[in-house]
Amino acid sequence: PVVVKAQKLVEHDGRPRTRDYDDVTQEFMTTVIGEYHARLCAEAPMPPHTKEAALLDASWAQACKVTGVNLSRSPELAKLVTSRGSQVRGQLKSKLRPLVEAMFGFHSSQSKSAIKKNRTLAEGLKEGTNFAFKHMAAEEDGRRGFLKAPLIQKIVNTMWFANKHDDGVLYHKHFKPFPYPALALVLTAIECCIDEWMTGTRTDIPFTIQEYHGAYESHLKCLEAFEDATKMYNVLPAICSKLYEVGRVHSGAAPLSLPTEVTISARVIAAAIKEHEEGSTTEDESD
């Protein structure tokens, strides 16, 4: 397609916004941003700059294909897309925070006993990634259902499958089965929410790449090691397939089915030829 330049219609001192541009640019940018969101979560939710650039390139190319528009890429437009990374992480954290508090039983209180209880609870949850198990236990032997903690499915539903227009549904190519990097991001965000209670009183800790990149990499390596150790039984792919399938049901979207093939039987073809030869077309009959 011909290269198109974006037309900025609104000038202001604030952050650049998609709606500051012409309609063609808005449509293109909405497509790029959606694609970037999905690729970011599925491939590298805490990307170094080189990976961020590669994700942007792939998303831009896909938007050109989808919209048929080849929009010229300016630094300002690129920033509009890549700034979504921190928004995704912030959104995940704010959705998780009340769930972590309610599902694990943290209580905001000034009483010494409640503060001590919160601190002990936070330490116990972090010990051996206890929070990721369906059945948690102080001792490792007692833990069952790794990666099957109800909180994990709940946040996957809330973050990516809230309705049938959500990312997990629209970009199912990236989310089916649920990707390991996105799962590692969920585990890291849960850990961040638990860290806020480590003193016994909830203190805000920003969920940033600077603070949590090490923890994210550690969770991702742990998932890869777990997959490797259980690959004969296909354990992790089965868990991730279920996260996707349950999420999709939660979204209310119809199940993914193969496109139905339209076929014409030999009998129909033979009848059409016969009608043609006899000159009995529908136009003739309707006269």
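Is Thr-199 buried, partly exposed or exposed? Thr-199 counts as partly exposed, because its relative accessibility is 48% (buried means under 20% relative accessible area, exposed over 50%, and partly exposed in between, with a 1.4 Å probe and protein chains only). This is a predicted model, in which local features need pLDDT of at least 70 and side-chain atom pairs count only at pLDDT 80 or more, while totals for chains, interfaces and linings use all residues. Residues are numbered from 1 along each chain as its sequence is written, and side-chain values use heavy atoms, with hydrogens and water left out.

**Contacts across the sequence**

- Thr-199 is located in the loop between H9 and H10 (helices, H or I, have at least four residues and strands, E, at least two; both are DSSP runs numbered from the N terminus).
- Along the chain, Thr-199 and Ile-115 are 84 residues apart, yet 7.6 Å separates their C-alpha atoms.
- His-219 belongs to helix H10 and counts as buried, because its relative accessibility is 7%.

**Aromatic rings**

- The structure contains 9 aromatic pairs (rings of Phe, Tyr and Trp, the last by its six-membered ring, pair if their centres lie within 6.5 Å; planes under 30 degrees apart count as stacked, over 60 as edge-to-face and the rest as tilted).
- Phe-106 and Trp-197 are a stacked pair, because their ring centres are 5.0 Å apart and their planes meet at 10°.
- This pair links distant parts of the chain, 91 residues apart: Phe-106 is in the loop between H4 and helix H5 (112-126), and Trp-197 is in the loop between helix H9 (180-195) and helix H10 (209-229).
- Both Phe-106 and Trp-197 are buried.
- Phe-146 and Phe-226 form an edge-to-face pair, with 5.0 Å from centre to centre and 85° between the planes.
- Because Phe-146 lies in strand E4 (residues 144-146) and Phe-226 in helix H10, this pair ties together parts that are 80 residues apart in sequence.
- Phe-146 is buried, with a relative accessible area of 16%.
- The charged end of Arg-73 sits over the ring of Trp-60, 5.5 Å from the ring centre (a charge sits over a ring if NZ of Lys or CZ of Arg is within 6 Å of the ring centre and within 35 degrees of the ring normal).

**Cysteines**

- The count of disulfides is 0 (a disulfide is a pair of cysteine sulfur atoms within 2.5 Å).
- Cys-193 is in no disulfide, and the nearest cysteine sulfur, that of Cys-192, is 5.6 Å away.
- Cys-193 counts as buried at 2% relative accessibility, and Cys-64 counts as buried at 17%.

**Backbone details**

- Lys-176 and Pro-177 are joined by a cis peptide bond, with omega about -5°.
- Pro-177 is part of the loop between helix H8 (172-175) and H9.
- Leu-147 is a residue other than glycine with a positive phi, near 70°.
- The loop between E4 and helix H6 (150-160) holds Leu-147, which is buried with a relative accessible area of 2%.
- Asn-234, also a residue other than glycine, has a positive phi near 60°.
- Asn-234 lies in the loop between H10 and helix H11 (235-251) and is partly exposed, with a relative accessible area of 44%.

**The largest pocket**

- The largest pocket has a volume of about 230 Å³ (on a 1 Å grid over the protein atoms alone, a pocket is an open set of points where a 1.4 Å probe fits, with protein on both sides within 12 Å along at least five of seven lines; lining residues have an atom within 4 Å of a point).
- That volume is the space filled by probe spheres set on the points, which are joined across faces, edges and corners.
- Residues lining the largest pocket include Arg-15, Pro-16, Lys-79, Leu-80, Arg-84 and Gln-87.
- Helix H3 (75-82) and helix H4 (84-104) each supply at least two lining residues, and the largest share, 3 residues, comes from H4.
- By class, the lining has 2 nonpolar, 4 polar and 4 charged residues (Ala, Val, Leu, Ile, Met, Phe, Trp, Tyr, Cys and Pro count as nonpolar, Asp, Glu, Lys and Arg as charged, and the others, Gly among them, as polar).
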